Amino acid sequence: MPRRKILSSLAVLAAALGVPALAALPAAAAPAPEATTISSYAGSPQEAAANKAFYDAVMKSALAKQAKSGNSLAAVTVRYRVNAPTFATQIARSTQIWNSSVTNVRLVQSSSGYDFYYTEGNDPRGSYASTNGHGRGYIFLDYRQAQVYDSTRITSHETGHVLGLPDHYSGPCSELMSGGGPGPSCTNAWPNSTERSRVNRLWANGFTGGLNAYTTAR
């Protein structure tokens, strides 16, 4: 039965029963659109702890391999596997950026014996770095986030966590670890001088001190 006739019938029935006339029913509201908020690197203490754990796990894994090989190289080699074909170009570019920015650690792609891996998909949290708690970590690259923010900056930013850098969302676009703080218009994928120096210090300590500390603890 048409909606207008239903309302008319209800009004007649209400009058017969001595009930005040019913107000016209509003048109059914359209369903609210599904939330499409893209993670803007909001950050949290939990995320910061996960990033630190990721760095610790990757460094331990890389140093263990180096100790086993007996190599006394000038830089620690961190090996990664690509399980994110959609972002293969961005990962290669991120590797190039970091390898040309720092000297005490080197990123190398590998299909086996890797210290961490890149993967991809959809996640309401956006992109993030994490550790599996067993000496390996992974970087998750989010499809939807990469449609809003520069995908190479995202990849380079998350790789910065592998190398020990924390988030600093209040920083300017020139600071890689400011992530999405400066907004989607920021496309800088390079660490600034402070970030480069911090990574070099972290991995210099890992090479000269952390390596000995790790081998003596085993």
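Two strands pair if DSSP finds at least two bridges between them, and strands themselves are DSSP runs (E, at least two residues), just as helices are runs of H or I with at least four residues, both numbered from the N terminus. Welcome to a predicted model, in which local features need pLDDT of at least 70 and side-chain atom pairs count only at pLDDT 80 or more, while totals for chains, interfaces and linings use all residues. Residues are numbered from 1 along each chain as its sequence is written, and side-chain values use heavy atoms, with hydrogens and water left out.

**The chain as a whole**

- The protein chain has six helices and five strands, and along the sequence they follow the pattern α-α-β-α-β-β-β-β-α-α-α.
- Of the 218 residues in the protein chain, 39% are buried; buried means under 20% relative accessible area, exposed over 50%, and partly exposed in between, with a 1.4 Å probe and protein chains only.
- Take the contacts (heavy atoms within 4.5 Å) between residues at least 6 apart in sequence: 64% of them join residues at least 24 apart.

**The sheet**

- Five strands form an open sheet with mixed pairing, in the order E2-E1-E3-E5-E4.
- Strand E2 (105-109) and E4 are the edge strands, each pairing on one side only.
- From one strand to the next, the twist averages 25°.
- As background, strands of a sheet pair through backbone hydrogen bonds, either parallel or antiparallel.

**A look at strand E5**

- Strand E5 covers residues 137-142 and is mostly covered itself, with five of its six residues buried.
- On one pairing, strand E3 (residues 116-121) runs parallel to E5 over six bridges.
- Strand E4 (residues 128-131) pairs with E5 in the antiparallel sense over four bridges, and Thr131 has Gly137 in E5 as its bridge partner.

**Helices H3 and H5**

- Helix H3 (residues 88-101) and H5 pack with their axes 9 Å apart, at an angle of about 55°; axes are lines fitted to C-alpha atoms, for helices over the stretch in contact, and angles run from 0 to 180 degrees between N-to-C directions.
- That angle makes H3 oblique to H5, since angles under 35 degrees count as roughly parallel, over 145 as roughly antiparallel, 65 to 115 as roughly perpendicular and the rest as oblique.
- Residues of H3 that meet H5 include Ile91, Ile97 and Trp98, and among those they meet in H5 are Thr155, Thr159 and Gly160.
- Both helices also lie across the sheet: H3 across strand E1 (76-83), E2, E3 and E5, at about 155° to E2, and H5 across E1, E2, E3, E4 and E5, at about 160° to E5.

**The disulfide**

- A search of the whole structure finds one disulfide, a term for a pair of cysteine sulfur atoms within 2.5 Å.
- Cys173 and Cys186 form this disulfide, with their sulfur atoms 2.0 Å apart.
- Cys173 and Cys186 are 13 residues apart, and each sits in the loop between helix H5 (151-162) and helix H6 (193-217).
- The link of Cys173 and Cys186 is right-handed, with 85° about the S-S bond.
- Cys173 counts as partly exposed because its relative accessibility is 26%, whereas Cys186 counts as buried because its relative accessibility is 4%.
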